[in-house]
Amino acid sequence: MLLCLVLVIVLAACGSQIKDPLNWKLNSFIYTNQENKEVNLDDLKGKVWVSNFIFTNCETVCPPMTAHMAKLQKMVKEEGLDANFISFSVDPENDSPDKLKEFAAKFNADLSNWHFLTGYTQQEIEKFALDQFKAVVKKPENDPQVIHATTFYLIDKEGTVMKSYSGVGDTPYDEIIKDMKTLSK
């Protein structure tokens, strides 16, 4: 009887874990959002959040990625989850807080829990993306289109990147929400 109870507890615990977690611990950061207010990693502690990399002059992947993030934000709200959304600009020289706010409005982003961040140099965001998210960000010379990842990243309440998903095509909304629920427990 005791063995059965232990087995049930072990199996229940297995169902509450993220499968194949990345476990990339984020370092502290302080950046500026679309309201010209500072947002730092400590502000996000205690909440699950989803992040991505975008820029406002993007002619290809950023509009659909931002539309997918907006859809995810709406679904998360419908599920009653307490989560944040963070979009890091990969073109900080051009993406001012006002420009990011204007961009967010095109997608009906709820800015109460979605921060569009800037306030760093191009070199800083390239290093940050690579070091923290294992993501390439590169602004070519003489080309306004920045090369960057098209991934959504799920971060736990402690600031650890747990999982990544496609953000541009076949975004797995239900899987992301399921994983968010797991991390919210």
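I start with my rule: a salt bridge is a side-chain nitrogen of Lys or Arg within 4 Å of a carboxyl oxygen of Asp or Glu. I'm working on a predicted model, where local features need pLDDT of at least 70, side-chain atom pairs count only at pLDDT 80 or more, and totals for chains, interfaces and linings use all residues. Residues are numbered from 1 along each chain as its sequence is written, and side-chain values use heavy atoms, with hydrogens and water left out.

**Salt bridges**

I counted eight salt bridges by this rule. I looked up Lys101 and found Glu35 as a partner, with the closest N and O atoms 3.2 Å apart. This pair links distant parts of the chain: Lys101 sits in helix α4 (residues 97-105) and Glu35 in the loop between β2 (30-32) and β3 (38-40), 66 residues apart. My helices (H or I, at least four residues) and strands (E, at least two) are DSSP runs, numbered from the N terminus.

Next I checked Asp91, which meets Lys139 in a salt bridge at 2.8 Å, N to O. The two are 48 residues apart, Asp91 in the loop between β5 (83-89) and α4, Lys139 in the loop between β7 (137-138) and β8 (147-148).

**Burial**

I call a residue buried under 20% relative accessible area, exposed over 50%, and partly exposed in between (1.4 Å probe, protein chains only). Asp91 is buried at 1%, while Lys139 is partly exposed at 21%. Lys101 is partly exposed, at 35% relative accessibility, and Glu35 has a relative accessible area of 35%.
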